[in-house]
Amino acid sequence: MINFIQNRLSEDLKFEYEKKGYAILPKIIDDDNIEKLKIAFDRIFNNDYDRDIYPFDRVYKHGIDNPSLYKVNNGWWLNNDIRSAVLSPYLGYIMSFFMSTDEVRIWHDQVVLKKANKSSSENAINASNIGWHQDYAHWQVSSSQNMATLWLALQDTDLNNGGMRTIVGSHKWGLKENADTFHDKDLDKLKEKFKKDHHWVDEPCILKKGEATIHHCLSLHGSGANKTDEDRLSLIIHCMPKKTYYRGRIDPHKNFDLNSKGNRHANVPLLGPNAKPGTYFDNDYFPVIWPFKTDNSNLYDVNVESLKNELYG
Ligand SMILES: O=C(O)CCC(=O)C(=O)O
Ligand SMILES: [Fe+2]
């Protein structure tokens, strides 16, 4: 069971998020709870799951598919500590605050480990790079462009260990063409593609262990190599607002291209075989994390009453 440090957020932070497309939160989790999450990461990457379900999308062979970047989507399906973190009402509160919505659901989470690689250099085309991308470019099946992500650092994180960088104000540039480039490793090439007439201000997210960022789904962001001797771990939680639905095929005249991530998404089959434009992402795969509901307690492996007391006193 993971507990967060539950502070109220300031309006200044929200202003910052709206202006820049991202904001840095104060420490939201203490070191003991971080240690629990690190154990959870280790277990997940060793395919040691608490539950009978297994990951969706594709099953990465950690360290084999990509020896530098390990990733599992929907860690909350697999591990009870990650589940209690991802489904925490405190996260729900944070996301509803920044997204200005009174209902928040999980889109999916990501458990990410960027391998230590002392010999790599800044901006080199490194296997652990995450290309400049807009999350929404990957999620165009979703009806909402008011989606947001919480990125939680499990160690001090800066440019030395491949910390995330965001392009200030890029959430106001609209959806860029072919910006579903998370897996593209060439940051310089992508910069040339997206920069065009824009003012390109590349800001690193410099975080202390336990701090987090929030970024908007249209913010351009990416990250370089981890040049330290410690792996970079982050728990990433993507959220959607109330009444987010499946838009259907983005271009119905085109055949499905299985490699075109923007036009298809592993969340769509989770809607069932009768999914059609307008079907809400509102089943058990997409749990509500705000407002906190005790009747959702079947989704939680946590003591909902004690969480409720912690949050509401
Ligand atoms: O972990 C990173 O460096 C980037 C993660 C990312 O793309 C995201 O949180 O949306
Ligand atoms: Fe992203």
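Visitor: Why is Asn-178 called partly exposed?
Guide: This is a predicted model, and the label rests on a count. Asn-178 has 13 other C-beta atoms within 10 Å. Buried needs 20 or more, and exposed needs 12 or fewer. The value 13 falls in between, so Asn-178 is partly exposed.

Visitor: Which value does the phi of Asn-47 take?
Guide: Near 55°, a positive value in a residue other than glycine. Asn-47 belongs to the loop between α2 and β2 (69-73). Asn-47 has 13 other C-beta atoms within 10 Å, so it is partly exposed.

Visitor: What makes Asp-32 exposed?
Guide: Asp-32 has 9 other C-beta atoms within 10 Å. The limit for exposed is 12 or fewer, so Asp-32 qualifies. Asp-32 is in helix α2 (residues 31-45). Its C-alpha atom is separated by 9.5 Å from that of Asn-3, 29 residues apart along the chain.

Visitor: How do you know that β4 and β9 pair?
Guide: They share three bridges, in the antiparallel sense. Gln-134 stands opposite Leu-220 in β9.

Visitor: What joins β6 to its partners β9 and β7?
Guide: β6 and β9 pair over three bridges, antiparallel. Thr-166 has His-221 as its bridge partner in β9. Three bridges also join β6 (residues 164-167) to β7, again antiparallel. There, Arg-165 has Pro-204 as its partner.

Visitor: What order do the strands take in the open sheet?
Guide: The order of the four strands is β4-β9-β6-β7, with antiparallel pairing.

Visitor: Why are β4 and β7 placed at the edges?
Guide: β4 (130-134) and β7 (202-204) each have a single partner strand, so one side of each has no neighbour in the sheet. From one strand to the next, the twist averages 25°. Helix α6 (residues 187-195) packs on this sheet and touches β4 and β9. The direction of α6 makes about 20° with that of β4.

Visitor: Which way do the residues of β9 point?
Guide: Leu-220 and Gly-222 point one way, His-221 and Ser-223 the other. All are buried. His-221 and Ser-223 are also among the residues surrounding ligand 1.

Visitor: What kinds of residue make up the shell around ligand 1?
Guide: Six are nonpolar, four polar and one charged. Asp-135 is in the shell, and Asp counts as charged. Val-112, Trp-151 and Phe-182 are among the others. β5 (148-153), β9 (220-223) and β10 (232-241) each supply at least two shell residues.

Visitor: Which residues have the most contacts inside the largest nonpolar core?
Guide: They are Met-95, Leu-150, Leu-235 and Cys-239, in a core of 69 residues. Neighbours within four places in sequence aside, Cys-239 is in contact with residues including Met-95, Val-104, Trp-107 and Met-147. In soluble globular proteins, nonpolar side chains tend to be buried together.

Visitor: What makes the peptide bond from Trp-290 to Pro-291 worth a look?
Guide: The bond is cis, with omega near -5°. Most peptide bonds are trans. Pro-291 lies in the loop between β11 (288-290) and α7 (304-312).

Note on methods. Residues are numbered from 1 along each chain as its sequence is written. Chains are lettered from A and ligands numbered from 1 in the order in which they are written. This is a predicted model: local features need pLDDT of at least 70, side-chain atom pairs count only at pLDDT 80 or more; totals for chains, interfaces and linings use all residues. A residue is near a molecule or strand if its C-beta atom, placed from the backbone, lies within 6 Å of it. Two strands pair if DSSP finds at least two bridges between them. Axes are lines fitted to C-alpha atoms, for helices over the stretch in contact, and angles run from 0 to 180 degrees between N-to-C directions. Two residues are in contact if their C-beta atoms, placed from the backbone, lie within 7 Å. A nonpolar core is a set of buried Ala, Val, Leu, Ile, Met, Phe, Trp, Tyr and Cys residues joined through C-beta atoms within 7 Å.
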